[in-house]
Amino acid sequence: MNYKKTRIACYTGYVTQAIVVNLAPLLFVIFQKDFDFSLSFIAAITLITFLLQMGIDIAAIYFVEKTSYRILAVSSQLTACIGLCLMAFLPRIMMPEAGILLAVLVYSTGSGLCEVVLSPLIEAIPKGGGENRSSMTLMHSFYAWGQAAVILITTVLLRFIGDGLWWVIPLVWALIPLFNTIAFMRVPLADMTVHEEGSGIRKMLRRPEFLVAFMLMICSGASEQAMAQWASMFCETGLGVAKVVGDILGPCMFAVMMGIGRTLHGLFGAKLQMQRLLLWLSVFCVGCYAVTVFVPVPFLSLLSCGLCGLGVSVMWPGMLALCSSKYPLAGASMFAILALGGDIGCSVGPWLTGTVSDAVVKLVNSSENIFNIAKRAGLTADQLGLRAGFLSAMIFPALMILGVVLLSISDKRTNEKK
């Protein structure tokens, strides 16, 4: 059976996730201006998105093996489509806060379902003759390309149609999950083994190496989102570039480099040893964070922000593929558990970076001695704070190094016992 259209539908599903995660932040300034949203409410939008995705991850551990994968795949795209349409209409016909929150709840459900259903679907497709051995990484590359496309196309559309017609943009992006909903209704799905309740998962959760893998998923999500979420502000405030330039050279460049890394691995990385690759990429990621924090040359700091996308590129899909090969009988519940770890990291990483940055800014402004030290270094309070925030986030790729080494030691001991 030919699964080419199934792969395309799975790849497009990750474009859908990129749309629902990255579109709203690009419209935050417009929401604040048109609806007088407070900064705390705007921050709550992002928080709710990730919290609901984590809720879906937790629930999926129990229901994903008992539900039709086709129904889950179709639902993931349909709810994303409906949520984007609701974003366009509800804030203009009812209380804006309630309208936006309802839209976020609906499309975040779709995003959460994407995480737990698309990975097992792509892994279940038969691999013959060495073809598509790295389909997992290739599929995740479409999230990165989708993120870059959302940033660029949305910025261009707003430039042409104006902020007053912002509501047209969610409707345009809703076409992608709409067409993918139809695609998942028709494409062939590979046979999926449905496990008895608790089989495989309980045994896997008692293994220390899987707990290490869960920690690595947290670190991968945190390493990725700490830089992705704060790169734009760092470029604008920390390096002094214009906001539009900062958005393009910050999060957009990061997404492009992440897409390049995942695409290259998806196409040519089938024969690479995954743990060794994750180790070197984690070392490279630590280096990128270090350059961003310590090198005072703006061009090099900007370059390191973008190259960090290359460093984190294979972390998330690489861990999914690694665990899939180690625990082939765990089923889709395993992907739900790992997605939960990744989403925890996506929340913790940006939160830690922002919290440390804010604390350092307050410390600099309250202490004349520290203020003078920062001034002699040519840094404002905000610039020093952001660099301190990235320094704190460096702990996540550093923990990736430690975790991968522990997994390698565990594998070596297991092989010695055989």
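User: Why does Q77 count as buried?

Analyst: The model is predicted; its local features need pLDDT of at least 70, side-chain atom pairs count only at pLDDT 80 or more, and totals for chains, interfaces and linings use all residues. Numbering starts from 1 along each chain as its sequence is written, and side-chain values use heavy atoms, with hydrogens and water left out. Now the label. Buried means under 20% relative accessible area, exposed means over 50%, and partly exposed is in between (1.4 Å probe, protein chains only). Q77 has 0% relative accessibility, so Q77 is buried.

User: Where does Q77 lie, and what does it touch?

Analyst: Q77 lies in helix α4, residues 69–93. A helix here is a DSSP run of H or I with at least four residues; a strand is a run of E with at least two; both are numbered from the N terminus. Contact means heavy atoms within 4.5 Å. Not counting residues up to four places away in sequence, Q77 touches G13, T16, C114, P177, N180, T181 and F184.

User: What makes R70 partly exposed?

Analyst: R70 is also placed in helix α4. Its relative accessibility is 28%, so R70 counts as partly exposed. With residues up to four places away left out, R70 touches F184, M185, R186, V187, P188 and L189. R70 and P188 are 118 residues apart in sequence. Their C-alpha atoms are 9.3 Å apart in space.

User: How many helices and strands does the chain have?

Analyst: The chain has 17 helices and zero strands.

User: Why is the chain called as compact as a globular protein of its length?

Analyst: Set the value against the rule. The radius of gyration is taken over C-alpha atoms, and the globule rule is 2.2 Å times the number of residues to the power 0.38. For 418 residues the rule gives 22 Å; the chain has 21 Å, which is close, so the chain is as compact as a globular protein of that length. Along the principal axes, the C-alpha atoms fill a box of roughly 65 × 60 × 35 Å.

User: What makes a set of residues a nonpolar core, and which residues have the most contacts inside the largest one?

Analyst: A nonpolar core is a set of buried Ala, Val, Leu, Ile, Met, Phe, Trp, Tyr and Cys residues joined through side-chain atoms within 4.5 Å. The largest has 110 residues. F31, M87, F184, Y289 and M319 have the most contacts inside it. Helix α9, residues 208–238, gives the most to this core, with 12 residues. M87 touches residues including L23, A24, L27, F31 and W166.

User: How do you know that T109 is partly exposed?

Analyst: Its relative accessible area is 22%, so T109 is partly exposed. T109 is in helix α5, residues 96–124. Leaving aside neighbours within four places in sequence, T109 is in contact with L52, I56 and T79. T109 and M54 are 55 residues apart in sequence and 9.8 Å apart in space, C-alpha to C-alpha.

User: Why is L279 called partly exposed?

Analyst: L279 has 24% relative accessibility, so L279 counts as partly exposed. L279 is found in helix α11, residues 274–294. Beyond its neighbours within four places in sequence, L279 is in contact with I401, V404 and V405.

User: What label does V168 get, and why?

Analyst: V168 has a relative accessible area of 28%, so V168 is partly exposed. V168 is found in helix α7, residues 168–186. V168 and C85 are 83 residues apart in sequence, and 9.3 Å apart in space, C-alpha to C-alpha.
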